[in-house]
Amino acid sequence: MNDINVASKVLFEIDTNINNIVKKIELLSYVNPINIEEEKEKFFKSKYLTDPKFKYPAMDFDRFQLHRELISQPIENIENEYTRELYEDTIYAYSGLIQCIQTIGTKRKFYYNSLRSFGTPTEQDVENAKFILHFEEEDENDAQFQPKYSPKEAAALFRAYSKQYDFSYHIKFSRDMSAIAMVLNNIKTLVINENHTFSDNEIAVLTNHEIGVHMVTTMNGLLHPLKIFSNGFPNYEETQEGLAVFSEYMSNNLTVKRLKELAYRVIAVDSLAKGYSFSTTFRKFVNTYDLDKETAFNISVRAHRGGGFTKDYLYLSGLKKVYDYYKSGKDMNTLLRGKITLDYLDNIESLAKNGCAVSPKHITDSYKENKNTNKTVDFILENLK
C-alpha cells in the first residue's frame, strides 16, 4: 500500500475498521433455532394448532458498541463519490443486520428489522411463484430423489467435488439448522445437517450451490485489498442466492421440483407478511398445496424463524435477475468477485480502476458451459416477469 495516496489510506482504514466489526456477526449463526426437532414433535402432537416456541443461540457481542463503532466511521473523508456511497450504504446495511440479531425471537420487532434488511415479496414475486406451481414436477419416486447418503458420506462427496477448486475449508455438522447444508462465510465453513439423509439430486444441487458459488465467492472475496468484498456488499444476498441457484441450472440439476421449493418459500414469506401465524402457514401448505408435513414444516420454519425472516423470497427473484444477466451476454465471472450485488457493478468498476478490486481467481465450474437439458425449466425461467 506504499503507492496509494492519502485518500486511499483513509478508505483502507475505514474498510479495516468495518471488517473488525462485522466479522463478529453472522446472522445465520443466530437465527437458526436450537430446538427445531423438539418443537416439531410438539407441533405435530398438537395436530398443527400450537405454534412452536423456538429458542436461539445467545449473542456473544456487545450490540451497542458495534452500532457505535459503525456509525462513527468518517466516510465523509472518502473522496470518490461512488466509493463513499458504497460505504455509506454498507454501514446502514450492517447496522440493520445487528438490529436483526439483537431482536431475534421477539416476533414483530425482528420481522420489521428483517423487512428493512431484506424486503418482502412484491405482487409480481408472488405471481411468479404461483406460475411455477402450475407445472408438473418430476416423479418423487425417481432414483435421484431417494435418500441415500449419511451426513458423513455427504461430507466426503463435498470434498471430492471441491478438489477441482484451489482452496480449502472446514466442515462441521449440526442438528440445529433449518437448511440441510449451508456455508458460513466468516469462518469459511460448510455446515451439514446431521439429521438429514441426502439424495443424489440434493448432493448435485448442494455441491454446485454451496461450494460452486457460496464458497467460491467467499474465497474470491478474500483476495481483494478491501475486506468489503468478503464481508458482503449491501443487500448482496439476492445476487448471491441467484448465482447459486443459477449454478444448479447450468449444471443441469435445476428441476421443476426445486423451482417449486423456491416458489413455496415466496408463498411462506408472503404469508408471514400478511400476518399469518406459523401454524396457519403450515396448514396452508398441507391443505392447499398438498405438501407432506415434513416439507411444510421446514419451509414454514425458514420463514417464521427469529420472529419472521423474509430473506427466503430472494432466491427466486435473484435467480431471475442472474438468468436475465446471463441471457444478455454479460460476463458471469464479474459476479464471482466476492459477496457483491448487481446493484453496485459501477461502484466495483470504479474500485477496480483504482487498484482496489481484482479479477476472480476461482471460477464456478458450471458457468463454463450451459449443460441444462430441461426444456420446462427453460420455459419457466424465460417467462418469469
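Axes are lines fitted to C-alpha atoms, for helices over the stretch in contact, and angles between them run from 0 to 180 degrees. The legends below describe close-up views of a predicted model.

**View 1. Helix H8 crosses helix H9.** Two packed helices are described by the angle between their axes and the distance between the axes. Helix H8 covers residues 151-162 and helix H9 covers residues 200-221; their axes come within 10 Å and cross at roughly 55 degrees. The crossing of H8 past H9 is right-handed. On the H8 side, the contact is made by Ala154, Leu157, Phe158, Tyr161 and Ser162. On the H9 side, Ile203, Leu206, Thr207, Asn208, Ile211 and Gly212 take part. Sorted by class, the contact of H8 with H9 has 7 nonpolar residues, 4 polar residues and no charged ones.

**View 2. Strands S1, S3 and S2 form an open sheet.** The sheet has 3 strands in the order S1-S3-S2, with mixed pairing. Strand S1 (170-174) and strand S2 (181-184) are the edge strands, and each pairs on one side only. On average, neighbouring strands of this sheet are turned by 25 degrees against each other, direction ignored. S2 pairs with strand S3 (residues 189-193) in the antiparallel sense, over 4 bridges. Valine 183 has leucine 190 of S3 opposite it.

**View 3. Helices H8 and H9 lie across strands of the sheet.** H8 lies across S1, S2 and S3, and runs at about 160 degrees to S1. H9 lies across S2 and S3, and its direction is at about 5 degrees to S2.

**View 4. Asparagine 19 is a residue of helix H1.** Helix H1 spans residues 6-22 and contains asparagine 19. The relative accessible area of asparagine 19 is 13%, so this residue is buried, the cut-off for buried being under 20%. Not counting residues up to four places away in sequence, asparagine 19 touches Lys227 and Asn231.

View 5. Histidine 224 counts as buried because its relative accessibility is 4%. With neighbours within four places in sequence left aside, histidine 224 is in contact with Phe229, Arg337, Cys356, Ala357 and Val358.

How values were computed
Residues numbered from 1 in each chain as written. Predicted model: local features only at pLDDT ≥ 70, side-chain atom pairs only at ≥ 80, totals over all residues. Heavy atoms only, no water. Helix = DSSP H or I, 4+ residues; strand = E, 2+ residues; numbered from the N terminus. Left-handed = near helix turned anticlockwise from the far one by under 90°. Contact = heavy atoms within 4.5 Å. Nonpolar A, V, L, I, M, F, W, Y, C, P; charged D, E, K, R; others polar. Pairing = 2+ DSSP bridges. Buried < 20%, exposed > 50% of the residue type's maximum accessible area, 1.4 Å probe, protein only.
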